[in-house]
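Trainee: I'd like to learn how to read helix packing and sheet order in a model. Could you take me through some cases?

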Amino acid sequence: MVAACQDNCSDNAAMQQFDVVIIGAGAAGLFCAGVAGQRGLKVLLLDHAARVAEKIRISGGGRCNFTNRDVSAANYLSENPHFARSALAGYTPQDFLDLLGRYRIAWHEKHRGQLFCDRSADDIIQMLLAECDAGGVTRWQPCHVAAVRQRPSDPGTQFDVETDRGLVSAPQLVVATGGLSIPKIGASDFGHRLATQFGLAVTPLKPALVPLTFSPDSWGPWVEMAGISLEVDVSTPTSSAKAGKRRPAAGAHFLEDLLFTHRGLSGPAILQISSYWEPGHPITINLAPHTDLGQQLKQAKQGSRKQLGTVWAQALPEGVPQRLAQTWLAQAQAHQPAIRSDAPLAEMKDRDLEWLGESANQWQITPHGTEGYAKAEVTAGGVSTQELSSQTMASKKVPGLHFIGEVVDVTGWLGGYNFQWAWASAMACARALGKMTP
């Protein structure tokens, strides 16, 4: 049975010695605990929340996009883009599917390799708890950690963890506390503070997979477009040398759906590009990714008696609503007086048609900011990968100290990649943990 310590647990129970203490009972922490326990280790899993794995519970509309069929290090951002490669190779999406198969959890595939539970995200949570059960994992929850120390008499080989349920000790400590995203379910910077306490570098943090916002003045004409969704190609410009460590040298682009909101832009396309976007820099949106609009307008001009507004609406993809097409023309006219909805197409100059087409094929707009951690699905940045072994997730400076999951500077794309990193980094860590108690 999983030992879940309740409020009436004795102080003696809280003074136990364990092989490993894992702080954080999210996806990575639960998975690591179950694997380590089944390897014969005496494991204590702590979390300050009353319920385990809330991020799993709410993900994927309640059905948990638990992995993606096609996963490689190229799907992740990090100062060291190769860091994730070892762990991802050591535990693949198929490995996780095999685990689901043992628990007879039904799943289905959506577009772009995204895999979801058929029934509920709770199936994943119950599976992870059952894995902990099978490993005899002790779980204290809710349990707040007041301090973590190394024993001065035995530095590097023993951690004392002071909790509101008493003091526990272990030669190995795993930090799986996640990032700052979605504070309403208990997110905190505890793991980053702990890394700093032990002298490990933490790369700058920022909300990722998050909607982008714009200043009220610049977004005014588009407020009434809220609710419109369409497929676009969104990209960032070529990276600066400094940012080049974190993103491809040629910038990033995604072909996904975009959603207009009252404050800015959201939808998969924007969530994806938000991880790459740098404040003060523009993003480029192609509203017709499969059409050269300028060329199409010039071709339609030959022998046409139609007005620009009619041809413009026909040139845009089917997914572009009429009100967006009309608003676009109105905004274009503010910059180019010749662009009028009622202008006869045959009388328009080619250069004006090319300009209009390019304005929609290469809409360049600079976000004012993001919706922040409250709406961000993950946190970019974290414990520097330069501080950790890519094979074991162990600190290079502090023996026995490990960091896994979102707390590490590895951020996946939208579509199940961050959960796969949780499983893979947890497995790499669990396989490296040793049984050290008498």
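Trainee: How are H10 and H11 oriented to each other?

Mentor: Angles under 35 degrees count as roughly parallel, over 145 as roughly antiparallel, 65 to 115 as roughly perpendicular and the rest as oblique. Axes are lines fitted to C-alpha atoms, for helices over the stretch in contact, and angles run from 0 to 180 degrees between N-to-C directions. Here, helix H10 (residues 293-301) and helix H11 (residues 308-315) cross at roughly 130 degrees, their axes coming within 10 Å, so the two are oblique to each other. Helices (H or I, at least four residues) and strands (E, at least two) are DSSP runs, numbered from the N terminus.

Trainee: What should I know about the model itself?

Mentor: It's a predicted model: local features need pLDDT of at least 70, side-chain atom pairs count only at pLDDT 80 or more, and totals for chains, interfaces and linings use all residues. Residues are numbered from 1 along each chain as its sequence is written, and side-chain values use heavy atoms, with hydrogens and water left out.

Trainee: Which residues of H10 and H11 meet?

Mentor: Contact means heavy atoms within 4.5 Å. Leu293, Gln296, Leu297 and Ala300 of H10 meet Val311, Trp312, Gln314 and Ala315 of H11. That contact divides into six nonpolar residues, two polar and no charged. Ala, Val, Leu, Ile, Met, Phe, Trp, Tyr, Cys and Pro count as nonpolar, Asp, Glu, Lys and Arg as charged, and the others, Gly among them, as polar.

Trainee: At what angle do H2 and H14 pack?

Mentor: Helix H2 (residues 27-38) packs with helix H14 (residues 417-432) at about 35 degrees, the axes 8 Å apart. The contact of H2 with H14 has 13 nonpolar residues, no polar and no charged. Phe31 and Val35 are among those from H2, and Trp423 and Met427 among those from H14.

Trainee: Now sheets. In what order do the seven strands run?

Mentor: Strands of a sheet pair through backbone hydrogen bonds, either parallel or antiparallel. Two strands pair if DSSP finds at least two bridges between them. This open sheet has the order E19-E18-E15-E16-E17-E14-E20, with antiparallel pairing. Strands E19 (363-365) and E20 (369-370) stand at the edges with a single partner strand each, so one side of each lacks a neighbour in the sheet.

Trainee: How many bridges join E15 and E18?

Mentor: Strand E15 (residues 229-235) pairs with strand E18 (residues 283-286) over three bridges, in the antiparallel sense. Val234 stands opposite Ile285 in E18.
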